[in-house]
Amino acid sequence: MSTTGETAVSTTGETMGTTGETAVSTTGETMGTTFDVAVIGAGIVGSAIARKLAGYELSVALLDARGDVGDGTSKANTAILHTGFDATPGTLESRLVREGYRLLSDYAERTGIPVEHTGALLVAWTEEELDALPALKEKAERNGYDRTRIVGRDEVYRQVPHLGEGALGGLTVPDESIICTWTTNLALATEAVLRGVTLLLNRRVRSVEDRGDRTVLRTSGGEVNARWVVNAAGLGADVIDRLFGHDRFTVTPRRGELLVYDKLARPLVDKIVLPVPTARGKGVLISPTVYGNVLLGPTAEDLTDRTDTGTSEKGLEFLLGKGEKLMPDLLREEVTATYAGLRAASDHPDYLIEADAERRYVLVGGIRSTGLTSGIAVGEHVAELIGAAGLALTPRKELPEPPHMPNLGEAGLRPYQDAARIAGDPAYGRVVCFCERVTAGEIRDTFRSPIPPSGLEGLRRRTRAMNGRCQGFFCGAEVGNLMDTKGGSACEQRHPSPEAQR
């Protein structure tokens, strides 16, 4: 891969190092190019895999059916950094979640991804659930996590005073944490691009053809040629797998609806409150977010439509009923938003990560919501598999520094609070979205970043703009104008500054 000597500018306005040529394409074909590896899916897992492979002397393409990275399953995660205490011992998922917790914690510290180490408390509401706590503690220890503690009713209410009546006991998990899933995805994809990965958006894979020395991916945006293909397509992973001649698992879209409560509710809960898990899932939780809100959810509804992310009256009623029991005081607070995400539920009981050396193809399927935590470890595992299957992996001698991401978390210093930054650039002092305290400077920076937003939803995930109580009612016009002008005023667009022309 050739280097251009160009300097990429981070989403915070800081330089992120000199890299190979940055390529982000949403239209047109990659004419005449055969990549060493094409990774399908630019969610957290696919971005982590592309980032890892780009650390070797390989040409890598990262494809996604949508117009932005992290615009599918990854954007609607409950945003918990898991210790893996309750995974099934001995599974690949258990190992990769445990390794991923360590890797992502370190990566977050180096890149500025907001994390809060809140801890978690599993609450037992019935005698049956209370009797299950020792087995959960033992399971955690078998998974290599030995810091859980069984506590009685009094300690449960001491830790969460606003909990509803009827709790019998609990299990503490002190290292469970909350994280920003949006920033995690963007950081991994940004570093992949900085390492030379070609990001190809709006490329839905429709068919594949084996031409002996390479595979042709026929996509909605043209053909992509690659010697190896990694399928990290999430909800569509089983469909892609069948294009390669396999029929080994089926993805069922599982809709999870959540309620987001206003920041005034945050004093009610300072840690993750979990139910005792069942075979169907982790159940309905109450969790603070790094943005200062409180989440209630998710539901778990299996669907057939892989695009149905709408909320429902039934889901709302279910969550309100659960909330009334779990924490009735929470229901007296304002609901800021409702949203739903689709998880890639699988009929396979574990992660399904396998390499087909003959077809030069790797499946990364069955990655549930724990993929947020395990993503970097999955990338490491895929690199090991693909190397063992015959792809030469020669480490690059020099790699750019990881990006420094903008802070979206309430626990850290935000630009509107940073007097030194405002003194250097008044745009960081001009608040545009007052609910979330987002400034014009932050919005402008997203358009100078290696992966700029393609629409308002992408801008929301990069800045929190319009995510607050008014949901864009007051700031929508201003934010829309900044979107149209790529962060500048109409005057600046007519007379671009020297910096904007570079």
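## How two helices line up

Are α1 and α5 roughly parallel or roughly perpendicular to each other? Let's work it out from this predicted model. Two packed helices are described by the angle between their axes and the distance between the axes. Here, helix α1 covers residues 44–53 and helix α5 covers residues 181–194. They pack at an angle of about 30°, and their axes lie 8 Å apart. Angles under 35 degrees count as roughly parallel, so α1 and α5 are roughly parallel to each other. As for handedness, α1 and α5 cross in a left-handed way.

Who's doing the touching? On the α1 side, the contact is made by Ile44, Ser47, Ala48, Ala50 and Arg51. On the α5 side, you'll find Thr181, Thr184, Asn185, Leu188, Ala189, Glu191 and Ala192. Sort the residues of this contact by type and you get six nonpolar, four polar and two charged.

For Cys433, the nearest cysteine sulfur belongs to Cys475 and is 4.0 Å away, and Cys433 is in no disulfide. Cys435 is in no disulfide either: its nearest cysteine sulfur, that of Cys470, is 3.8 Å away.

Definitions and conventions. Residues numbered from 1 in each chain as written. Predicted model: local features only at pLDDT ≥ 70, side-chain atom pairs only at ≥ 80, totals over all residues. Heavy atoms only, no water. Disulfide = S-S within 2.5 Å. Axes fitted to C-alpha atoms, helices over the stretch in contact; angles between N-to-C directions. Helix = DSSP H or I, 4+ residues; strand = E, 2+ residues; numbered from the N terminus. Parallel < 35°, antiparallel > 145°, perpendicular 65-115°, else oblique. Left-handed = near helix turned anticlockwise from the far one by under 90°. Contact = heavy atoms within 4.5 Å. Nonpolar A, V, L, I, M, F, W, Y, C, P; charged D, E, K, R; others polar.
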